[in-house]
Amino acid sequence: MIDHLTAEALDALIARNDPPCVSIFEPMEKRGAETQQNPLIAKGALKSATERLLEKGMRRPDAESHMAPLRQLIDDHGFWQQQEDGLAVFVDGTGMSAFRLPIPFEQLVVVGDHFHIKPVLPFLATDGEFYVLALSHNLVRLLRGSHWRVSEVELEDVPTSLRDALWYKEPDAALQSHATAAGGALSFHGHGLGEESSEADLKEFFRRVDAGVKSAVGNDKTPVILAGVDYLQPLYRQITDLNVLEEGVEGNPDRLSAAELHSRAWPIVDKLFTGRREAAGEQIGAANTSSSLDDVVMGAAQGRVETLFIPRGKQRWGRFDRETLEVHLDGGAGETDLYDLAAIETWRHRGDVYVVDDVPGDGELAAVMRY
């Protein structure tokens, strides 16, 4: 199965529990004759994964059957011609999930009791997801984005225009007379009843839009960037309790594609994400923080880690006993990457996970604790 990686898809991977769980990460060639190397790279990963399964005591026929979905994918010539920078493949007893991602993975094959998810977190970590809500009188669009991607979210039971929301009302003459050239947008330069009526109508429209957007967004911590002409944005902010940023994308969004909205919104949200990450890093060393591997892994399993920093491209192999809450180190790759385990548990309990080149503080990993 070839999937689009979302937070929900990652939740589903973490919840799957039919070991042995095989996690494969490979760099891919994106264009030209070099793409012919992609299935050869996958064959090498298939061989490595099969050998790992045999080392864990699985019979060869069972190991080959377990990895059959990847073997079938290798024969799909068209798939290997359409790659991004990296490919992540997850195989367990329930089947296979594969994700083409704009991340140049280092080669890694892990076989364990759960999937290894740390390499994909830079794509989907909580500092990378946001929404763009494009508002105009004629069209409402909700986009879900990260650093690399954007996609349109289908809104259910949401009026797509002011006319749809207020179809039962007679047009307001004053409202019509003040329409401007900005894509048919209305400006509030009139006086008396016309001005009051148009603002009231827009707020009613936005309340109905907001109800649908809340249902789609779900997590009220996720930042939302408004795109619209200058007077529409403050009206929407007045009626919503979503995490709408003060800075938005100015202008008529009807004229902008999803990609154009994404490129204008990313610099706005990137400032927020960078500031949040730096602020969390500056706390390391203070009270309610830890750079101890044992403390952080135990705290993550208990849901006490608010923010986690783990090193990119490194593993710390060992085992965590959930009954005694003890960490046991293992110099080889035979057990669990404890960095990955901390990341999984932090993600599961809705903490923030940052995979970084330089961990703040003087430890191999670091965490800000909830308590």
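This is a predicted model: local features need pLDDT of at least 70, side-chain atom pairs count only at pLDDT 80 or more; totals for chains, interfaces and linings use all residues.
Strand β4 spans residues 108-112 and is mostly covered, with five of its five residues buried. In a regular strand the side chains alternate between the two faces of the sheet. In β4, Leu108, Val110 and Gly112 point one way, while Val109 and Val111 point the other way, and all are buried. Strands of a sheet pair through backbone hydrogen bonds, either parallel or antiparallel. The pairing of β4 with strand β1 (residues 21-27) is antiparallel and extends over five bridges. Within this pairing, Val110 of β4 has Ser23 opposite.

A further sheet is open and consists of five strands in the order β7-β6-β5-β8-β9, with mixed pairing. The edges are taken by β7 (150-153) and β9 (249-250); each has a single partner strand, so one side of each is left without a neighbour in the sheet. Strand β8 (residues 224-228) and β9 run parallel and are joined by two bridges. Gly228 has Glu250 in β9 as its bridge partner. Helix α11 (residues 258-283) lies across β5 (130-135), β6 (140-145), β7, β8 and β9, and runs at about 130° to β5.

Helix α13 covers residues 338-348. Of the 11 residues of α13, 10 are buried, so the helix is largely enclosed by the rest of the structure. The buried residues of α13 include Leu338, Tyr339, Leu341, Ile344 and Trp347. At the start of α13, the backbone nitrogen of Tyr339 lies within 3.1 Å of a side-chain oxygen of Asp337. Just after the helix, Arg350 adopts a positive phi of about 65°.

Thr346, a residue of α13, has a relative accessible area of 1% and is therefore buried. A polar atom of the Thr346 side chain is placed 2.7 Å from the backbone oxygen of Ala342. An α-helix has 3.6 residues a turn, so residues three or four places apart point the same way. When neighbours within four places in sequence are left aside, Thr346 is in contact with Ala300, Val305, Leu308, Gly351, Asp352 and Val353.

Aromatic rings were examined next. A pair of aromatic rings is described by the distance of the centres and the angle of the planes. The whole structure contains 11 aromatic pairs. In one of them, the ring centres of Phe25 and Phe90 are 5.8 Å apart and the planes stand at 80°, so this pair is edge-to-face. The pair links distant parts of the chain, since Phe25 belongs to strand β1 and Phe90 to strand β2 (residues 86-92), 65 residues apart. Phe25 is buried, with a relative accessible area of 0%, and Phe90 is also buried, at 1%. Another pair, Phe123 and Trp148, is stacked, with 5.7 Å from centre to centre and 25° between the planes. Phe123 is located in helix α6 (residues 121-124) and Trp148 in the loop between β6 and β7, so the pair ties together parts that are 25 residues apart in sequence. Phe123 is buried, with a relative accessible area of 3%, whereas Trp148 is partly exposed, with a value of 35%. One aromatic cluster is formed by Phe25, Phe90, Phe99, Phe105 and Phe115.

Glu84 and Arg149 meet through their side chains in a salt bridge of 2.4 Å, N to O. This pair links distant parts of the chain: Glu84 is in the loop between α5 (77-80) and β2, and Arg149 is in the loop between β6 and β7, 65 residues apart. Glu84 is partly exposed, with a relative accessible area of 25%.

Asp337 forms a salt bridge with Lys118, in which the closest N and O atoms are 3.8 Å apart. Asp337 lies in strand β14 (residues 336-337) and Lys118 in the loop between β4 and α6, so the bridge ties together parts that are 219 residues apart in sequence. Both Asp337 and Lys118 are buried. Glu364 and Arg316 form a salt bridge at 2.7 Å, N to O. Glu364 is partly exposed, with a relative accessible area of 28%, and Arg316 is partly exposed, with a relative accessible area of 28%.

Methods:
Residues are numbered from 1 along each chain as its sequence is written. Side-chain values use heavy atoms; hydrogens and water are left out. Buried means under 20% relative accessible area, exposed over 50%, partly exposed in between (1.4 Å probe, protein chains only). Helices (H or I, at least four residues) and strands (E, at least two) are DSSP runs, numbered from the N terminus. Two strands pair if DSSP finds at least two bridges between them. A polar contact is a pair of N or O atoms within 3.5 Å; within protein, one must be able to donate a hydrogen and the other to accept it, and residues adjacent in sequence count only if both atoms are side-chain atoms. Contact means heavy atoms within 4.5 Å. Axes are lines fitted to C-alpha atoms, for helices over the stretch in contact, and angles run from 0 to 180 degrees between N-to-C directions. Rings of Phe, Tyr and Trp (its six-membered ring) pair if their centres lie within 6.5 Å; planes under 30 degrees apart count as stacked, over 60 as edge-to-face and the rest as tilted. A salt bridge is a side-chain nitrogen of Lys or Arg within 4 Å of a carboxyl oxygen of Asp or Glu.
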